[in-house]
Amino acid sequence: MSDCLFCRIVSGEIPATVVAETETTLAFRDIAPQAPTHVVLVPKTHSANAAELAADPPGLADLFVVAAKIAQEEGIAESGYRLLFNTGADAGQTVFHAHLHLLGGKRMGPLA
Ligand code: AMP
Ligand code: ZN
């Protein structure tokens, strides 16, 4: 059994509200949403952060392809949305399984 939260969600051991799934990506709603749409997209195989995930270009690309599809489905493709990877302590990363945040549905402020 993995001690990684997002690996446990990928395996189905911990429930999540899944909004999209491909061979390499799982996308689910953030448990503490920071915007009307807040989806977390994770690669199904473990990487600690975006820098490690860069070793898997197809897996990385799939996160962005799926994010764009979800934005269409959620009706925020035209109004705009934010995609971001928190990487490391200064960025506030709390779960050390790489994940792309998709945020939208409200006007957002500056990044930092
Ligand atoms: P980060 O701070 O970038 O590492 O993002 C981790 C995100 O995972 C936060 O936005 C959390 O709200 C979210 N999160 C933590 N636990 C869960 C969970 N069980 N299901 C869905 N999202 C979660
Ligand atoms: Zn993991």
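What percentage of the 112 residues in the protein chain is buried? The figure is 38%. Please keep in mind throughout that this is a predicted model.

I will start with the overall layout. The protein chain contains three helices and five strands. Read from the N terminus, the order of elements is α-β-β-β-α-α-β-β. Along the principal axes, the C-alpha atoms occupy a box of roughly 40 × 30 × 25 Å. A compact globule of 112 residues would have a radius of gyration near 13 Å, and the protein chain agrees with that, at 13 Å. On contacts, take those between residues at least 6 apart in sequence: 54% of them join residues at least 24 apart.

Next, the sheet. It is open and built from five strands, in the order β1-β2-β3-β5-β4, with antiparallel pairing. The edge positions go to β1, residues 18–21, and to β4; each has a single partner strand, so one side of each has no neighbour in the sheet. From one strand to the next, the twist averages 20°. Helix α3, residues 57–74, packs on this sheet and touches β1, β2, β3, β4 and β5. The direction of α3 makes about 155° with that of β3.

Now the pairing on the β1 side. β1 and β2 make a hairpin, with three residues between them. Three bridges join β1 to β2, which covers residues 25–29, and the two run antiparallel. Within that pair, Ala20 has Ala27 of β2 as its bridge partner, and Val18 stands opposite Phe28, also in β2. On to the next pair: β2 is joined to β3 by five bridges, again antiparallel. There, Leu26 stands opposite Val42 of β3. As for burial, four of the five residues of β2 are buried, so this strand is largely enclosed by the rest of the structure.

Val40 sits in strand β3. Is Val40 buried or exposed? Its relative accessibility is 1%, so Val40 counts as buried, the cut-off being under 20%. Setting aside neighbours within four places in sequence, Val40 contacts Phe6, Leu26, Ala27, Phe28, Asp30, His99, Leu100 and His101. Val40 and Ala98 are 58 residues apart in sequence, and their C-alpha atoms are 9.8 Å apart.

The other residue is Phe64, which belongs to helix α3. Phe64 has a relative accessibility of 37% and counts as partly exposed. With neighbours within four places again set aside, Phe64 is in contact with Leu83, Phe85 and Leu100. From Phe64 to Leu41 the separation is 23 residues in sequence, and 8.8 Å in space, C-alpha to C-alpha.

Which residues coordinate the zinc ion, ligand 2? They are Cys4 and Cys7, each through SG, and His46 and His97, each through ND1, at 2.0 to 2.3 Å. What is the geometry of the site? The site is tetrahedral, with angles of 106 to 117° among the four donor atoms. For reference, the ideal angle for four tetrahedral donors is 109.5 degrees. Along the chain, the donors of the zinc ion follow the spacing C-x2-C-x38-H-x50-H.

His46 is in the loop between β3, residues 37–43, and α2, residues 50–53, while His97 is in the loop between β4, residues 81–84, and β5, residues 100–104. The pair therefore ties together parts that are 51 residues apart in sequence. Their accessibilities are as follows: His46 is partly exposed, with a relative accessible area of 43%, whereas His97 is buried, at 0%.

To recap: the model has a five-stranded open sheet with antiparallel pairing, helix α3 packed on that sheet, and a tetrahedral site for the zinc ion. That is the end of the talk.

Terms used. Residues are numbered from 1 along each chain as its sequence is written. Chains are lettered from A and ligands numbered from 1 in the order in which they are written. This is a predicted model: local features need pLDDT of at least 70, side-chain atom pairs count only at pLDDT 80 or more; totals for chains, interfaces and linings use all residues. Side-chain values use heavy atoms; hydrogens and water are left out. Donors are N, O and S atoms within 2.8 Å of the metal (3.2 Å for Na, K and Ca); water is not among the atoms, so sites may look incomplete. Four donors count as tetrahedral if all angles lie between 85 and 135 degrees; four count as square planar and six as octahedral if opposite donors are over 155 degrees apart and all others between 65 and 115; anything else is irregular. Buried means under 20% relative accessible area, exposed over 50%, partly exposed in between (1.4 Å probe, protein chains only). Two strands pair if DSSP finds at least two bridges between them. Axes are lines fitted to C-alpha atoms, for helices over the stretch in contact, and angles run from 0 to 180 degrees between N-to-C directions. Contact means heavy atoms within 4.5 Å. The radius of gyration is taken over C-alpha atoms; the globule rule is 2.2 Å times the number of residues to the power 0.38.
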